[in-house]
Amino acid sequence: MYLLLMLVLLFVACKNDKEEYKDVAYFAMDANGELERPMNYRTWIYVGTPVTPNDMNDGKAAFPELHNVYIDPMSYEHWKKTGTWREGTILIKELVSVGSKAAVSGNGYFMGEFIGLEATVKSKKHFPNEPGNWAYFSFTNPEGGTLSATGKAFKTKQCNGCHNASAADDFVFTQYYPVLSSAKGVGDVTPENAAKRVASQTKKETKKVGKWEASVPTPEGLTLDIPLSKQQLFDYLASGKYKAFKNKEKEAHPSLGPHQKLGLPVRVFINDIIAESLEKGNDEHPLGSVIVKEMFNADNTLSGWAVMVKTHDKADNGNGWFWYEVTDPKDANKLAAIGNGVEGCVSCHAIGNDMVRTSYPLK
Ligand code: HEC
Ligand code: HEC
């Protein structure tokens with residue numbers, strides 16, 4: 001059995017040497033002219049993973065997922081030798097939903113679930129009338145079930161047109177795949193082993209963030225005791241729902257911090273999560289901790305609210321906290337700050353125990 005396998009491998013290797021790979025097809029069309037779904041494409045050459053997330057596209061991204069792109073190994077070899085796509089080139093695009101947007105390493109876009117599979121094939125034999133002889137397919141089940149066994153070619157204008165107009169190399173978006181752009185026509189060189197690496201990854205980002213602006217994004221999709229979006233949070237505060245928190249200061253007392261004017265009355269309300277953590281004397285409060293501070297004018301009328309919500313497991317110099325302050329209880333737009341890692345807030349709060357300044361037990 002083992003010997004047989006060796007013989008087969010030897011045979012394949014010899015075939016490659018003779019460049020007969022030109023005839024090796026990694027795809028097959030069925031009797032109805034549909035593309036059979038390739039199996040084992042994850043053992044092909046992995047090309048890269050572009051992502052065009054909804055929250056960078058006004059919630060309306062055409063393809064909101066991460067796209068894992070693969071190319072069949074023979075076509076990669078041919079691309080390396082010639083810088084062109086051979087007859088029979090197939091690229092697969094695996095669609096993966098955006099899952100978490102925060103990890104221990106920082107905020108970002110992390111892969112969630114597999115949601116679909118698409119392919120493009122270049123073949124003069126099969127698609128003589130398609131521009132560039134490229135045809136485009138999907139095996140995605142719109143109901144979210146298993147992938148279909150075969151895929152029908154899309155109409156030219158649905159896919160081919162955009163690829164024709166904007167892709168860098170004969171309908172393929174190599175400009176977004178360094179694995180391919182670095183290999184283009186390099187011959188027998190192995191681009192993956194080239195010593196040169198761009199150093200820009202290690203350069204610090206230089207974008208200046210204002211003192212009262214968020215410096216990192218606020219994670220979405222968290223289940224918290226309080227909403228974090230601007231209008232919803234304001235409505236929540238105006239409704240007084242936070243007054244249901246069991247733990248609160250008995251009454252307003254003069255503020256120690258010049259949130260507004262030193263000495264004006266404030267009153268703090270905290271949810272159970274942080275109450276328990278303060279009780280234990282923790283140095284790091286858990287994700288989900290919520291603090292609402294009412295602020296008053298000298299005549300004891302409400303002047304606004306300040307809010308802190310822990311949106312991460314770690315404080316991370318204030319980036320793990322969401323900061324919010326509104327200075328008019330009737331106007332959601334009178335914001336002093338909203339977002340994570342607001343430097344102006346952090347600068348004063350950093351001396352607190354995990355950013356919290358109010359002394360516990362609450363008075
Ligand atoms: C508006 C332009 C546009 C349209 C329309 C479009 N694509 Fe693409 N496609 C892209 C871009 C840009 C990339 C590369 C970056 C990415 O994946 O987001 C890409 C990448 C791909 C890839 C990976 C290989 C490659 O060429 O880079 C496949 C496969 C693919 N698209 C299939 C399809 C299918 C199937 C359709 C039609 C249902 C389609 N595309 C329609 C822009 C488009
Ligand atoms: C000049 C220092 C200073 C700045 C700047 C500051 N705070 Fe405070 N903050 C305090 C102090 C001191 C307390 C303790 C309670 C009190 O006396 O007001 C406090 C309390 C709070 C509380 C109640 C929970 C706690 O930590 O005790 C919240 C919520 C709060 N601040 C939010 C904010 C937000 C949001 C910002 C930024 C818009 C901010 N703070 C900026 C000094 C500051």
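**View 1. Asp-170 sits in the loop between helix 3 and helix 4.** Helices here are DSSP runs of H or I with at least four residues, strands are runs of E with at least two, and both are numbered from the N terminus. This is a predicted model, in which local features need pLDDT of at least 70, side-chain atom pairs count only at pLDDT 80 or more, and totals for chains, interfaces and linings use all residues. Residues are numbered from 1 along each chain as its sequence is written, chains are lettered from A and ligands numbered from 1 in the order in which they are written, and side-chain values use heavy atoms, with hydrogens and water left out. Asp-170 isn't a glycine, yet its phi is positive, near 45°. Its relative accessible area is 32%, so Asp-170 is partly exposed (buried means under 20%, exposed over 50%, and partly exposed in between, using a 1.4 Å probe and protein chains only).

**View 2. Asn-317 also has a positive phi, near 55°.** Look for Asn-317 in the loop between strand 14 and strand 15. With 66% relative accessibility, this residue counts as exposed.

**View 3. His-163 holds on to the iron atom of ligand 1.** Its NE2 atom, at 2.1 Å, is the only protein donor of that iron. Donors are N, O and S atoms within 2.8 Å of the metal (3.2 Å for Na, K and Ca), and since water is not among the atoms, sites may look incomplete. His-163 belongs to helix 3, residues 160-166.

**View 4. Tyr-26 and Trp-44 make one of the 10 aromatic pairs in the structure.** Rings of Phe, Tyr and Trp (its six-membered ring) pair if their centres lie within 6.5 Å; planes under 30 degrees apart count as stacked, over 60 as edge-to-face, and the rest as tilted. Here the centres are 5.7 Å apart and the planes meet at 85°, so this pair is edge-to-face. The two residues are 18 apart in the chain, with Tyr-26 between helix 1 and strand 1 and Trp-44 between strand 1 and strand 2. Tyr-26 is partly exposed at 25%, while Trp-44 is buried at 10%.

**View 5. Trp-134 and Phe-171 form a tilted pair.** Their ring centres are 6.5 Å apart and their planes are at 35°. Trp-134 comes from strand 8 and Phe-171 from the loop between helix 3 and helix 4, so the pair ties together parts 37 residues apart in sequence.

**View 6. Val-292 is among the residues with the most contacts inside the largest nonpolar core.** A nonpolar core is a set of buried Ala, Val, Leu, Ile, Met, Phe, Trp, Tyr and Cys residues joined through side-chain atoms within 4.5 Å. This one has 19 residues, and helix 5 gives the most, with 4. Leaving out residues up to four places away in sequence, Val-292 touches several others, including Ile-226, Leu-237 and Trp-305 (contact means heavy atoms within 4.5 Å). In soluble globular proteins, nonpolar side chains tend to be buried together.

**View 7. Tyr-360 and Pro-361 are joined by a cis peptide bond.** Omega is about 0° at this bond. Pro-361 lies in the segment after helix 7.
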